[in-house]
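Please keep the sequence and the coordinates at hand while reading.

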Amino acid sequence: GWRGRWFTLRTATGSPDRYVLEYAEDKKKKPSCQIDLTHCTYVVALKPMVIKDNYKHVFTVKTTKQQYYLVASSETDMTGWISVLCRVCGLSSLCSSLVELIDSYVI
């Protein structure tokens, strides 16, 4: 199911040209997991999802290994995350023109 996570974008240890999204289950805790963005294939905003709650600011980060669904607290935050992630993943031109519409996503 959907659980809150707090994300931080960082350069990978020892690799200033590689980025990772680190996350923790509590914003006061140190990140315990990470998503390697080395093989990121796209980052895109999604149509608002109707699941248990009404998620309005949903976007996805797809790597060659897995697809992640993230929810931002506002449209401005979502746009900012997408813009930065597209830039660090080298997808700026693709992300600026790509919009994926999903009717619903059921977990």
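## Terms and overall make-up

A residue is called buried under 20% relative accessible area and exposed over 50%, with partly exposed in between. The model discussed here is predicted, and every value below is computed from it.

The protein contains two helices and eight strands, and from the N terminus the elements follow the order β-β-β-β-β-β-β-β-α-α. Of its 107 residues, 32% are buried, while the protein as a whole exposes about 7,200 Å², of which carbon and sulfur atoms supply 49%.

Three strands make up an open sheet whose order is 1-2-3 and whose pairing is antiparallel. Strand 1 (6-12) and strand 3 (33-36) stand at the edges and have a single partner strand each, so one side of each is left without a neighbour in the sheet. On average, and with direction ignored, neighbouring strands of this sheet are turned by 30 degrees against each other.

Strand 1 and strand 2 (residues 15-24) run antiparallel and are joined by seven bridges; within this pairing, Thr11 has Tyr19 of strand 2 as its bridge partner. Helix 1 (residues 75-88) packs on the sheet, where it touches strand 1 and strand 2, and the direction of the helix makes about 20 degrees with that of strand 1.

## Nonpolar cores

The largest nonpolar core comprises 18 residues, and those with the most contacts inside it are Leu37, Val43, Phe59, Val61 and Leu85. Two or more residues of this core come from each of strand 2, strand 4 (40-45), strand 7 (58-63), strand 8 (67-71) and helix 1, and helix 1 gives the most, with five residues.

Which residues does Leu85 touch, if those up to four places away in sequence are not counted? They are Leu9, Leu21, Leu37, Val43, Phe59 and Val61.

## Salt bridges

Side chains of opposite charge can pair when their charged atoms come close. A search of the whole structure finds two salt bridges. In one of them the side chains of Glu22 and Arg10 meet at 2.8 Å, N to O, and this pair links distant parts of the chain, with Glu22 in strand 2 and Arg10 in strand 1, twelve residues apart. Is Glu22 buried or exposed? Its relative accessible area is 19%, so Glu22 counts as buried, given that the limit is under 20%. Arg10, by contrast, has a relative accessibility of 41% and therefore counts as partly exposed.

The other salt bridge is formed by the side chains of Asp36 and Arg18, which meet at 3.3 Å, N to O. This pair also links distant parts of the chain, with Asp36 in strand 3 and Arg18 in strand 2, 18 residues apart. Asp36 is partly exposed, with a relative accessible area of 33%, and Arg18, at 29% relative accessibility, counts as partly exposed as well.

How values were computed:
Residues are numbered from 1 along each chain as its sequence is written. This is a predicted model: local features need pLDDT of at least 70, side-chain atom pairs count only at pLDDT 80 or more; totals for chains, interfaces and linings use all residues. Side-chain values use heavy atoms; hydrogens and water are left out. Helices (H or I, at least four residues) and strands (E, at least two) are DSSP runs, numbered from the N terminus. Buried means under 20% relative accessible area, exposed over 50%, partly exposed in between (1.4 Å probe, protein chains only). Accessible areas come from the Shrake-Rupley method with a 1.4 Å probe; for residues, only the protein chains shown count as cover. Two strands pair if DSSP finds at least two bridges between them. Axes are lines fitted to C-alpha atoms, for helices over the stretch in contact, and angles run from 0 to 180 degrees between N-to-C directions. Contact means heavy atoms within 4.5 Å. A nonpolar core is a set of buried Ala, Val, Leu, Ile, Met, Phe, Trp, Tyr and Cys residues joined through side-chain atoms within 4.5 Å. A salt bridge is a side-chain nitrogen of Lys or Arg within 4 Å of a carboxyl oxygen of Asp or Glu.
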